[in-house]
Amino acid sequence: MRRFSLIALLAVGLAGCAQLAAPELPPPPAGYRLSHYRAPTPAELPGAQRVDARQLAARLQAAPRPLLIDVLPAGRVTDSDGVSHWLPNAPRRNLPGSVWLPNVGHGEPEPAMADWFARELARLSAGNRDAPLVFYCLRDCWMSWNAGKRALALGYRQVLWFADGSDGWQEVGLPLEDAAPLPYTPPR
């Protein structure tokens with residue numbers, strides 16, 4: 001009996017340590033995350049499938065190959081002719097074959113940016129709302145969570161969320177490549 005009690009106490013103690021080691025993840029909000037985008041994200045994006053690096057690598061070897069969408073934010077400037085240019089804060093390396101759509105993960109994007117996102121998803125998916133779309137950024141980046149949620153609201157049915165982003169991809173030894181943002185073309 002004494003041995004059983006010791007084992008039970010040890011198990012309870014280890015379970016308590018495991019709870020201390022694992023950070024408390026926030027619950028998914030009802031709407032979009034509106035600020036403090038670099039913070040711990042929920043464990044899930046309702047309506048989407050969360051994937052880790054190994055699951056995503058396997059999906060990329062199968063058909064249909066998912067479309068990788070990097071949503072890391074970038075600065076933007078508009079010249080005197082009304083042409084908009086991205087000004088990334090630093091060079092970006094993303095998952096090979098990705099399309100970089102900066103700033104589409106803001107909680108309240110400007111209407112022209114929201115329209116650009118919808119148009120680009122339609123163009124990139126050839127209008128197929130069943131095309132698998134993978135949204136990512138960096139680890140602890142709400143931009144990918146918001147962009148995935150917005151794609152679901154637009155009617156896309158195969159949304160995958162890669163919450164560990166390019167950080168998680170690189171940590172398991174998978175390659176990254178130099179990236180350039182897709183040119184922003186606001187509606188006329």
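These entries record what I looked up in a predicted model of one protein chain.

**Entry 1: overall fold.** I began with the secondary structure and found 5 helices and 9 strands in the protein chain. I then read the elements along the sequence, where the pattern is α-β-α-β-β-β-β-β-α-β-α-β-α-β.

Entry 2: I noted that the protein chain has 188 residues, of which 37% count as buried. Its accessible surface comes to about 10600 Å², and carbon and sulfur atoms hold 58% of that area. Turning to contacts with a separation of 6 or more, I found that 77% of them involve residues 24 or more positions apart.

**Entry 3: Asn 94.** I located Asn 94 in strand β5, which spans residues 92–94. Is Asn 94 buried or exposed? Its relative accessible area is 2%, so I recorded Asn 94 as buried, the cut-off being under 20%. I next looked up its neighbours, leaving aside residues up to four places away in sequence, and listed Asp 70, Trp 100, Tyr 136, Leu 176, Glu 177 and Ala 179. With Asp 70 there is also a polar contact between the side chains, at 3.3 Å.

**Entry 4: cysteines.** How many disulfides does the structure contain? I counted 0 disulfides, taking a pair of cysteine sulfur atoms within 2.5 Å as the criterion.

Key:
Residues are numbered from 1 along each chain as its sequence is written. This is a predicted model: local features need pLDDT of at least 70, side-chain atom pairs count only at pLDDT 80 or more; totals for chains, interfaces and linings use all residues. Side-chain values use heavy atoms; hydrogens and water are left out. Helices (H or I, at least four residues) and strands (E, at least two) are DSSP runs, numbered from the N terminus. Buried means under 20% relative accessible area, exposed over 50%, partly exposed in between (1.4 Å probe, protein chains only). Contact means heavy atoms within 4.5 Å. Accessible areas come from the Shrake-Rupley method with a 1.4 Å probe; for residues, only the protein chains shown count as cover. A polar contact is a pair of N or O atoms within 3.5 Å; within protein, one must be able to donate a hydrogen and the other to accept it, and residues adjacent in sequence count only if both atoms are side-chain atoms.
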